[in-house]
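I opened my notebook to look up how the inside of this protein is packed. The entries follow the order in which I looked.

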Amino acid sequence: MKRLNRALGFTWMTVLPAVGLGEPPPGHGVHPPMPSQAYSVQFRLDTKGEPSVTEVPLELPSPTDAAELNQPVALPAPAPRVRLKRYLPQARLEQKVTEAESGPGESAVQLAIVGPTQSLERWLVAGDMERNRVVSFIGTWRYMTVENAAQRDILFRQFQEELTREPKVIVGRASGGAVRELPGRAGEAHELEDLGCTIRVREFYPHFAFDEKTKQPINRSDQRLNPAVQVELTAEGRREERWVFGKFPDFKMGAGESLPFRIALDCPVEVPNTTPDFVVVTVGQAAHEAWTRYRGAVRAQALLLDQKIKVEPSQYTFHLAQFVPRGVLVETYVPAEGPGGTPALQLETLEESGPSRALWLGLNQQRIIPTPGGPMVVTFAARERVSPETQPGGAHP
């Protein structure tokens with residue numbers, strides 16, 4: 001039941017800039033790193049409570065040019081050997097879902113959005129915090145599953161009432177495992193002994209924006225159009241402040257997030273009355289439904305594969321092109337032209353036995369690699385350069 005109580009509030013999403021339907025994150029989008037910054041990859045492995053962090057700068061001739069890297073990375077045991085293989089300055093995401101032959105798998109649907117001049121297909125994966133939502137200018141889509149009709153009814157009531165629900169902050173280790181839910185309002189500090197951290201919500205802005213004159217965060221209104229929280233996180237003898245966005249969970253302001261925790265804002269986002277909000281639900285891995293909120297009205301209808309649903313008031317429609325009851329999502333990046341691309345990096349893990357494993361990361365993205373010592377969190381980001389004067393044991397004026 002707890003999973004159901006959280007399901008509709010999750011605002012994890014996939015943004016769709018490649019076809020012109022997408023909505024950019026708050027700020028200025030993707031740019032080459034600043035002169036004081038460089039692209040790097042961080043590998044973090046927690047073994048028996050002792051974190052091991054390795055920061056590796058990318059050896060790039062230029063951040064604006066694609067490059068074949070073949071750059072080896074030496075990581076402490078029990079981490080596997082890693083090689084940085086390929087860098088793309090402007091890339092777009094391609095997805096494929098295959099049936100899981102063994103091991104865990106998740107239900108997945110391929111959402112197809114079709115219009116007079118553009119179209120898009122995107123896989124949505126139930127239970128995947130980063131891959132179960134699409135947000136665009138013409139509408140929003142979420143995908144989730146329930147086991148039976150009773151759970152379906154509970155979830156539908158949550159959908160009807162979700163815009164009045166209080167926001168929550170969800171905290172967990174970056175390597176996975178249990179998560180904790182905290183009130184999203186500003187208030188007292190919460191000491192989470194099981195996670196090894198203390199967290200305080202300093203600000204909650206229903207409508208986050210930047211003041212054009214002061215360049216400081218402001219709250220434009222009480223409508224939950226771009227909800228965000230500023231949190232203070234303390235762990236391992238260090239303290240960080242982060243802005244966490246409901247609509248854009250992967251967006252990061254600055255490069256100061258180094259503590260190994262994932263923080264999400266579970267806050268229903270209000271959409272304009274002219275933009276519909278859709279939820280696609282699979283019941284018992286058999287029947288699909290489409291729930292719609294538009295102009296204050298909520299409706300539910302049965303949904304068959306390839307059955308087209310109109311996206312009011314646009315000329316677009318959407319449908320489910322495929323359904324995989326238990327699948328595995330594979331993502332790659334390919335070169336992109338024009339606006340909407342993102343820097344992407346391919347790396348390869350080299351196992352002592354068995355085949356190597358290739359993995360793609362978009363900028364500011366985290367991925368988890370299983371190792372004999374536990375999950376290893378890998379992050380691709382632009383970080384401040386470290387000068388010799390600031391390195392331990394380096395030169396001093």
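**The cavity and the cores**

I began with the lining of the largest cavity, which I found to be made of Phe 43, Arg 44, Leu 45, Ser 52, Thr 54, Leu 75, Pro 76, Ala 79 and Met 376. A cavity is a set of points on a 1 Å grid over the protein atoms alone where a 1.4 Å probe fits but cannot get out, and lining residues have an atom within 4 Å of a point.

I noted that the model is predicted, that local features need pLDDT of at least 70 and side-chain atom pairs pLDDT 80 or more, while totals for chains, interfaces and linings use all residues. Residues are numbered from 1 along each chain as its sequence is written, and side-chain values use heavy atoms, with hydrogens and water left out.

My search of the whole structure gave 1 cavity of 30 Å³ or more, and about 40 Å³ of space lies in the largest cavity. I saw that β2 gives the most to this lining, with 3 residues; strands are DSSP runs of E, at least two residues long, numbered from the N terminus.

Next I looked up the largest nonpolar core, where, of 24 residues, Phe 43, Leu 58, Leu 84, Leu 347 and Phe 380 touch the most other members. Such a core joins buried Ala, Val, Leu, Ile, Met, Phe, Trp, Tyr and Cys residues through side-chain atoms within 4.5 Å, buried meaning under 20% relative accessible area with a 1.4 Å probe, protein chains only. Among the strands that each supply at least two residues of this core are β2 (37–47) and β27 (374–384).

Notes. Buried means under 20% relative accessible area, exposed over 50%, partly exposed in between (1.4 Å probe, protein chains only). Helices (H or I, at least four residues) and strands (E, at least two) are DSSP runs, numbered from the N terminus. On a 1 Å grid over the protein atoms alone, a cavity is a set of points where a 1.4 Å probe fits but cannot get out, and a pocket is an open set with protein on both sides within 12 Å along at least five of seven lines; lining residues have an atom within 4 Å of a point. Grid points are joined across faces, edges and corners, and a volume is the space filled by probe spheres set on the points.
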